Amino acid sequence: MLFKGVYHLFYQHNPYGSLWGNITWGHAVSYDLVNWLHLPHALSPTDPYDINGCFSGSTTILSDGKPAILYTGVYANGTQVQNLALPKNVSDPFLKEWVKSPLNPLIIPTDGIDPKNFRDPSTAWLGPDGTWQVTVGASLNGQGTAILYQSKDFIRWNRSTSPLRSSARTGMFECPDFYPVSINGNYGVDTSSQDKFNKHVLKTSFNGNDYYILGSYTPQTNNFSAESDFLDSGSDFLYDYGKFYASKTFFDNSKKRRISWGWIAEMDGDPNALKGWSGLQSVPRSILLGKTAKQLIQWPIKEIETLRAENVSILEKQLKGGSVLEISGINASQADVEVSFDLTNLKEVEYMVPDGVDPRDLCSKHPASFRGMIGPFGLLVLASQGLTEQTAIFFRIFRSHEKYVVLMCSDQSRSTFREGPDKITYGAFIDIDPRQEKITLRSLIDHSIVESFGGKGRTCITARVYPALAIDNQAHLYAFNNGTVDVTISRLDAWSMKNAKLVSAQV
């Protein structure tokens, strides 16, 4: 959240080790979302209603401008309840101390709610009658459900007669997020906005991914009419098709934008206790509704560019079929790369009917080493000399009747020669017509994480990789084309990235 010019990040954290347990709310503050000051813990599991952990939750700026936290606490028997915490000193812009309400718990599981699957209250929004609304993730009668609660005073909450959304196709709805996006603007809107030119997004986390659906919301009746359902064949929308989960957005009213953070877990197979840490946050991303109004667009926030250092640029460079081009002159283990590809020959193209095709499976069966026609082409990142190790982010182009189909893949199968790390491959289709626009890719590379944005943010894929050879100054960056058809690098820019400043407060 943003409060008095200071950004606040709260996160689940075990202060006693890098294995799961003792779940506490860590707290860090920043003026730019890049450099952070770590503060004392905001919430600790010290009371009967949260003794087994202070689980996920959200902040809300109340009508009087004061912030509030709603969070899930867990009793010793595993029952999950929703609790309130308020800042001890609202004049402190860092909000270093938080006080739990003596009325906790405020919301308890009743009437068919699974008491051990009832958590993650969303940011609340204000209805036209001045009533607060909040949704809590649950499993209700075996269905994933976003249960709606209402309150006039943010303390006494009543359950709505109907949930915001439920689905028999999914497991429990974890970390639900519900917010508006503007149809006709390049800006974010406040969570309580009731503008008629809004659509609403419902995001839930299940099956290891963050899924979302779009629809129209009527605040007078709290009816959310979705345009599709979760796990509808051919219409699944994910925030990220890689390793990205339990995300949360907030509205930055200073810059009129909505920003998303996601949790990126470890995949190296090593005991995290030996490493001393586990998991990390994604780069903060802005979220907008795309021009077609059918999907979201995500892009790293502008402030990330303040970390850019040495730059290398390439213009109008042809990549012949089967060629590899090294991009030297930057620190390839910590880099920001933007590239656009021109496809001048779309005649020699493979045919595919995408209906029923799993893009992830297609990327796995035909990795970067596969000789296709138009593609694979893209980037080889965190690559060793000789390419023994490499993580490939690439595209392939297909023809389907009168349309073209663009496939984006993130191939970790050769990311390390070590045994143990997960070397899964990810894939997704991108809504791009290569006759009308260039194929674009941006990859943010940071030692063991690669966040990639295809089609100007239409499709995002995050990967965790653990190279043994391609580390620090032994990492290399390449552009490649393993198809039979030549492609052209219209423009490539690559920057070394400086370290963000992370400091612990002396309190």
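A residue counts as buried when its relative accessible area is under 20%. By this cut-off, 58% of the 507 residues of the chain are buried in the predicted model. The chain contains two helices and 38 strands. Along its principal axes, the C-alpha trace spans about 70 × 50 × 40 Å. A compact globule of 507 residues would have a radius of gyration near 23 Å, and the chain agrees because its own value is 23 Å. The accessible surface comes to about 21,100 Å². Carbon and sulfur atoms account for 50% of that surface. Among contacts with a separation of 6 or more, 62% link residues 24 or more positions apart.

In soluble globular proteins, nonpolar side chains tend to be buried together. In this model, the largest nonpolar core has 62 residues. Phe377, Ile397, Ile439 and Leu492 have the most contacts inside this core. The surroundings of isoleucine 439 were listed without residues up to four places away in sequence. Isoleucine 439 then touches Val339, Ser340, Phe341, Leu343, Phe377, Phe395, Ile397, Val406, Ile432 and Pro434.

Serine 247 lies in strand S20, which covers residues 245-252. Serine 247 counts as buried because its relative accessibility is 2%. Its side chain makes a polar contact of 2.5 Å with the side chain of aspartate 210. Beyond its neighbours within four places in sequence, serine 247 is in contact with Cys175, Lys203, Ser205, Asp210, Tyr239, Ser260, Trp261 and Gly262.

A disulfide is a covalent bond between the sulfur atoms of two cysteines. A search of the whole structure finds one disulfide. The bond joins cysteine 363 to cysteine 409, with an S to S distance of 2.0 Å. The angle about the S-S bond is -75°, and the link is left-handed. Cysteine 363 lies in helix H2 (residues 359-365) and cysteine 409 in strand S31 (residues 403-411), so the pair ties together parts that are 46 residues apart in sequence. Both cysteine 363 and cysteine 409 are buried. Cysteine 175 is in no disulfide. The nearest cysteine sulfur to cysteine 175 belongs to cysteine 54, 15 Å away. Cysteine 175 counts as buried, with a relative accessibility of 11%. Cysteine 460 is also in no disulfide, and the nearest cysteine sulfur, that of cysteine 363, is 15 Å away. Cysteine 460 is buried because its relative accessible area is 0%.

Most residues other than glycine have a negative phi, and most peptide bonds are trans. Asparagine 104 and proline 105 are joined by a cis peptide bond, with omega about -5°.

Aspartate 111 is not a glycine, yet its phi is positive, about 50°. With a relative accessible area of 66%, aspartate 111 is exposed. Leucine 231 also has a positive phi, near 65°. Leucine 231 counts as partly exposed because its relative accessibility is 28%.

Note on methods
Residues numbered from 1 in each chain as written. Predicted model: local features only at pLDDT ≥ 70, side-chain atom pairs only at ≥ 80, totals over all residues. Heavy atoms only, no water. Helix = DSSP H or I, 4+ residues; strand = E, 2+ residues; numbered from the N terminus. Buried < 20%, exposed > 50% of the residue type's maximum accessible area, 1.4 Å probe, protein only. Polar contact = N/O pair within 3.5 Å; in protein donor to acceptor, adjacent residues only side chain to side chain. Contact = heavy atoms within 4.5 Å. Core = buried A, V, L, I, M, F, W, Y, C linked by side-chain atoms within 4.5 Å. Disulfide = S-S within 2.5 Å. Rg over C-alpha atoms; globule rule 2.2 N^0.38 Å. Areas by Shrake-Rupley, 256 points an atom, 1.4 Å probe, with all protein chains shown as cover.
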